[in-house]
Amino acid sequence: MVGIAALWLPIVVSAAFVFVALMVIHMMPGWHRDDMAAVPGEDKVMEAMRGLNVQPGDYRFPFGRTVAEMTTPEFEAKMKAGPVGNMSILPNGDMKMGKMMGQWFVYSLVIAGIVAYVTGRTHAQGAPYLEVFRVSGAVTFCCYSVAHWQNWIWWGKGTRFTLTYTIDGVIFALVTAGTFGWLWPKP
């Protein structure tokens, strides 16, 4: 076993490398461009939502709070008539890219910490590169990718969106696994 304190270097370095990988991925023309699409009549939809004073939050429509509500003829008619969807409303104003980048780096540090914990519990100092790579890569992949699948299943996230972010997770897993294997403590 290797304690988390002994793994601070691969934690920080892998988070930094993943941050760089994120920047490269999002600078690649076209990679995430078609993950989402504009709603038809965007100006009219936005004006209607402003008129309704829709606050930031997550919404589902048609909405039913209970199974009993979702099995009424009225709810079923709304489902058939459509549209059916989920939406997230963000606060008005500019996107705070600096804040989001900082949050992403902290998120990457947390994931690297989880990876360090699991890999450190399953491998000793001096463990072979490939063994460290396998465990740290699998844990990293699960952290960055698997939650997208449940959003695809339950909340209707697009298949393309889910696949591109899953591939991003594979890239982040390879970067993190390579870093942990490279910087794994020697005996």
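The model is predicted, so local features need pLDDT of at least 70 and side-chain atom pairs count only at pLDDT 80 or more, while totals for chains, interfaces and linings use all residues. Residues are numbered from 1 along each chain as its sequence is written, and side-chain values use heavy atoms, with hydrogens and water left out.

I will start with the helices. Helices here are DSSP runs of H or I with at least four residues, strands are E runs of at least two, and both are numbered from the N terminus. Two packed helices are described by the angle between their axes and the distance between the axes. The axes are lines fitted to C-alpha atoms, for helices over the stretch in contact, and angles run from 0 to 180 degrees between N-to-C directions.

How do H1 and H7 pack? Helix H1, residues 8-27, and helix H7, residues 159-183, have axes 9 Å apart at an angle of about 145°. Their crossing is right-handed; that is, the near helix is turned clockwise from the far one by less than a right angle, anticlockwise being left-handed. On the H1 side the contact residues include Leu9, Phe17, Val18, Leu22 and Ile25, and on the H7 side they include Tyr165, Asp168, Phe172, Val175 and Trp182. Contact means heavy atoms within 4.5 Å. By class, the residues of this contact are 16 nonpolar, 4 polar and 1 charged. For the classes, Ala, Val, Leu, Ile, Met, Phe, Trp, Tyr, Cys and Pro are nonpolar, Asp, Glu, Lys and Arg are charged, and the others, Gly among them, are polar.

H7 also packs against helix H5, residues 97-122, with an angle of about 55° and axes 12 Å apart. The two are therefore oblique to each other. On that scale, angles under 35 degrees are roughly parallel, over 145 roughly antiparallel, 65 to 115 roughly perpendicular, and the rest oblique. This crossing, too, is right-handed. Trp104, Ala112, Val115 and Ala116 of H5 meet Phe172, Thr176 and Phe180 of H7. That contact has 6 nonpolar residues, 1 polar and no charged ones.

Leu22 belongs to H1. Because its relative accessible area is 11%, Leu22 is buried; the cut-offs are under 20% for buried, over 50% for exposed and partly exposed in between, with a 1.4 Å probe and protein chains only. Beyond its neighbours within four places in sequence, Leu22 contacts Trp104 and Phe172. From Leu22 to Met101 is 79 residues in sequence and 9.9 Å in space, C-alpha to C-alpha.

Next, Asp35, in the loop between H1 and helix H2 (42-52). Is Asp35 buried or exposed? Asp35 has 12% relative accessibility, so it counts as buried. Its side chain makes a polar contact of 2.6 Å with the side chain of Arg160 and another, at 3.1 Å, with that of Thr164. A polar contact is a pair of N or O atoms within 3.5 Å; within protein, one must be able to donate a hydrogen and the other to accept it, and residues adjacent in sequence count only if both atoms are side-chain atoms.

Last, the backbone. Most residues other than glycine have a negative phi, and most peptide bonds are trans. The bond from Phe61 to Pro62 is cis, with omega near -10°, and the one joining Gly82 and Pro83 is cis, with omega about -5°. Asn53, not a glycine, has a positive phi of about 55°.
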